[in-house]
There are 2 protein chains.
Amino acid sequence: MTFYQKLEQHHKKLAKLDHLASICSWDQAAMMPEGGNAARSEAMAELAVISHEMATAPYLAEWFELAHRESLSQEEKASLTEMKRVWRNANVLPADLVEEQSLACSTCEHAWRTQRGNNDWQGFSENLKKVVELTRREAKIRSEATGLSPYDALLDQYEPGMTSAKLDALFADVKTWLPELITQIREKQTHDEVMQPVGPFPIDEQKALSLDIMQKLGFDFHHGRLDVSMHPFCGGVPTDVRITTRYDEADFTSALMGVIHETGHARYEQGLPEKWAGLPVGTARSMGIHESQSLFFEMQLSRSENFIDILAPLAAETFNRIDDPALTPENLTLLNTRVAPGYIRVDADEVTYPAHVILRYEIERDLIEGRIEVADIPELWDRKMHEYLGLNTKGNFTDGCMQDIHWPMGSFGYFPSYTLGAMYAAQFMAAMRKEMNVENLIRERNFQPIFNWLDRHVWKRASLVNTDKLLIESTGEALNAQHLKDHLISRYLG
Amino acid sequence: MTFYQKLEQHHKKLAKLDHLASICSWDQAAMMPEGGNAARSEAMAELAVISHEMATAPYLAEWFELAHRESLSQEEKASLTEMKRVWRNANVLPADLVEEQSLACSTCEHAWRTQRGNNDWQGFSENLKKVVELTRREAKIRSEATGLSPYDALLDQYEPGMTSAKLDALFADVKTWLPELITQIREKQTHDEVMQPVGPFPIDEQKALSLDIMQKLGFDFHHGRLDVSMHPFCGGVPTDVRITTRYDEADFTSALMGVIHETGHARYEQGLPEKWAGLPVGTARSMGIHESQSLFFEMQLSRSENFIDILAPLAAETFNRIDDPALTPENLTLLNTRVAPGYIRVDADEVTYPAHVILRYEIERDLIEGRIEVADIPELWDRKMHEYLGLNTKGNFTDGCMQDIHWPMGSFGYFPSYTLGAMYAAQFMAAMRKEMNVENLIRERNFQPIFNWLDRHVWKRASLVNTDKLLIESTGEALNAQHLKDHLISRYLG
Ligand SMILES: [Zn+2]
Ligand SMILES: [Zn+2]
């Protein structure tokens, strides 16, 4: 057995443990009764320790050394690079820092769940300071190991190859046109008469509608399922993808759009190349590319007029409301393309969403680079909310800088993925349009060519090439934010 | 840290891995889409390898040596004994035998699933021969390690302390009165007019009824749940017990009685002492004691006239059939106490059930001890079915010696647990009756004193004492089959 093969075997073992962790963590969110939580968390922590020990086994350094000298195919070289990236990321942190972080984050996150409701910035910021301090230590260590700046070293874990220099340029551009675009759209929409569909929409029927749409969007039920959890997500493993949603009897569109979003994530996972199953090179390219698939399904595809023409009668039929004027394609289109600046990121429409992300990015970048402190966050938040969305959040921490779980969890560097995903998605759609008449295909309910394009250019590419190359090979150019701008202008001002 | 404490820590780690294996195996049976199976099985096999390596780590021998010399409380001594039993059971087999067995059994079981339907004894017996040969090797090794006879060494894994000498005596006694008892009951029941309730019984309503009964029987939904699987079972972990059932629209009683049975298993698990969680001494005493709890709930409690008086109106109400004459307490009692010799063990009533078990016990005992060969099974099966139940199974392998999954899986020594469970259950009930008026309590729907008795005498005892002692302490005597006989006579001829 070559050293490359030994490394493959090693990573496939790790993937098997990840498989079980994934299923148990899905179970924890979607199935487990509350009383099972303490023992479950301990059991999963134990598996994490075993996985970590395996991932950082001392002999691996030599295996990588020797594998590099072996004669490898192009794809095997990519595979080796990705295995090494995983290994380096796992290895670089001292165990005591990991433990301290895990403790500080779980303390901070746990307290945040009540502090947020109490608007208790004082209490929260005490815990967050500790989290930031440890994250800065992590960033410094990762920075030394990679040669990247501290924040970039964190970013690199979610979006390999992305840097704050690139993000600064991208977002600076967005900031030149976004506020004005929002204003124009708001003006255009002023006189739209939108009806809010009035519930109850029975959960059984919402579920039937969700399953129906998943089927139409090609979700493979032989390799996955839909369930319910407090916070919707896409979990499981490529051979068994578990997506979740949350139903609200008063409003069916949020669960439905959520299901479509998660179906995009799921199809990426289900479409990953079998040949590379269990290896880092066979996994999703990045968080941003992952989000591009969910946003392609949700924003590019399903909020388009032609798709809503399919969706609306399905909904009306499922809910037995063929005469409900709120369920006409026209009204559902207005509803699903309504733009309104708001405090909450997860409720934001696709036009205002980037503003939420840019705000968070700028704050977390400066926080990790040591240019600002936790105490500075509220003022910066207020100023930027005012500047980007014209909203005043002063004193409202609950719906301001305490709204997201990311920072309490210690996930710094993740936020940009959301807007990168929207940009990638728009760029994929623009490239696709050059090859086929997407609108006609949707009208004809012939989605297969669309999915085939994604399968060939994104899903089957997994991590075989880096993000830049993936974009160039599929769209003919590197990331170009113009496509998102064009998409927004065409949909909202066209 | 003392060596005893090190051993505790070690076993708690193992229990955490078992926790994840349990949940993933529940998921595999109750949730997983078919396409997930191959990768899931591989992932679980990987965890099993890691667990096995941990359970047989070389340093444990010395730890046990040294722990034995430490000063331990009575309970810690019991804990050490149980840890050692687990360790010895895991250690004694050479890895290549375990692997060969795992392969032979999965081949045999997999082929059995189609061979059974095809009545293909010839094909099946070829695979079974291999399984038996390897099981004999296992039994020989376990025999040498324990000083027990080969079959007893297998039996000891499911029912520690039980031997074929004891079983021979118990079953010889049963055989003196059971055939005659069956005849008498059959005669008494000849003129009973039993109505079979006619479906459909909607699955939603069956589920609601199941949950209602589980609630009444004290199932803790904060630490467990009910789902659906092809073969009902009780899985999960004590803090999160997962029971399953299978609904049949045409017949609600099978799912309902199944749920009550699994609820008995579940309450044992949920009632195990928290103080010893994660340690062998804190687990169920034996398969027979486990079955005694399910049979206590199903047979002793729920098929009693007074309980059916509660059950029948609940069912009639749930199914909206208050006037259905098939759902009166009288008819449901007749239905649930109907005795009829049949070919299939899992469909047998509580009176004929022991005959099925004794038949299998006698065959598997002689098979493992090398007194008969696989080729002899059909003739023995036919003869014993004729002798014990008056049925002719000649040539019908499907409903004869090929009906159970146990032998194809390599589970020899398990069958006696079913009838031991029925005997323990009857003995517990007899002891309980000395302390309280059980029938009155049921009539008053005051089950708590009954559950308290089981909790104190069985659940909280876990494996802190051996089975003999558990029985003596709770019922004043060692296992006594007379109680089962008395129960059957009183219920069926009384
Ligand atoms: Zn997403
Ligand atoms: Zn049972």
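Predicted model: local features only at pLDDT ≥ 70, side-chain atom pairs only at ≥ 80, totals over all residues.
Visitor: How do you know how chain B is related to chain A?
Guide: You superpose them, by least squares on the C-alpha atoms of residues with pLDDT of at least 70 in both copies. Here a rotation of 180° with 0.0 Å of shift along its axis puts chain B on chain A, with an RMSD of 0.0 Å. The two copies are therefore related as by a two-fold rotation axis. The same surface serves both copies, too: 97% of the contact residues of chain B recur in chain A, where contact means heavy atoms within 4.5 Å.

Visitor: Why are A:His261 and A:His265 separated by about one helical turn?
Guide: Because they're four residues apart in helix H10 (residues 252-271) of chain A. A helix here is a DSSP run of H or I with at least four residues, a strand is a run of E with at least two, and both are numbered from the N terminus.

Visitor: And what coordinates the zinc ion (ligand 2)?
Guide: That one has B:His261 (NE2), B:His265 (NE2) and B:Glu291 (OE), at 2.1 to 2.4 Å. The spacing of its donor residues is H-x3-H-x25-E. B:His261 and B:His265 are four residues apart in helix H10 (residues 252-271) of chain B, so about one helical turn separates them.

Visitor: Why is A:Glu262 called buried?
Guide: Buried means under 20% relative accessible area, exposed means over 50%, and partly exposed is in between (1.4 Å probe, protein chains only). A:Glu262 has 8% relative accessibility, so it counts as buried. This residue lies in helix H10 of chain A. A:His261 and A:His265 are buried as well.

Visitor: What does UniProt list for A:Glu262?
Guide: An unreviewed UniProt entry lists A:Glu262 under "active site". Such annotations may be inferred rather than shown by experiment. In the model, A:Glu262 touches A:Pro232, A:Phe233, A:Cys234, A:Ile243 and A:Thr244, not counting residues up to four places away in sequence.

Visitor: What makes S1 and S2 of chain A edge strands?
Guide: Three strands of chain A form an open sheet in the order S1-S3-S2, with mixed pairing. Strand S1 (224-228) and strand S2 (234-237) each have a single partner strand, so one side of each has no neighbour in the sheet. The twist averages 20° from one strand to the next.

Visitor: How do you know that S1(A) and S3(A) pair?
Guide: Two strands pair if DSSP finds at least two bridges between them. S1(A) and strand S3 (residues 240-245) of chain A have five bridges, in the parallel sense, so they pass that test. In one of these spots, the bridge partner of A:Arg225 is A:Arg242 in S3(A).

Visitor: Why is strand S3 of chain B said to be largely enclosed?
Guide: Because six of its six residues are buried. Both faces of S3(B) are covered, with B:Asp240, B:Arg242 and B:Thr244 on one side and B:Val241, B:Ile243 and B:Thr245 on the other. Four bridges join strand S2 (residues 234-237) of chain B to S3(B), and these strands run antiparallel. S2(B) and S3(B) form a hairpin with two residues between them.

Visitor: Is A:Asn118 buried or exposed?
Guide: A:Asn118 is at 58% relative accessibility, so it counts as exposed. You'll find A:Asn118 in the loop between helix H5 (95-115) and helix H6 (121-146) of chain A.

Technical notes:
Residues numbered from 1 in each chain as written. Chains lettered and ligands numbered in written order. Heavy atoms only, no water. Donors = N, O, S within 2.8 Å, 3.2 Å for Na, K, Ca; no water. Axes fitted to C-alpha atoms, helices over the stretch in contact; angles between N-to-C directions.
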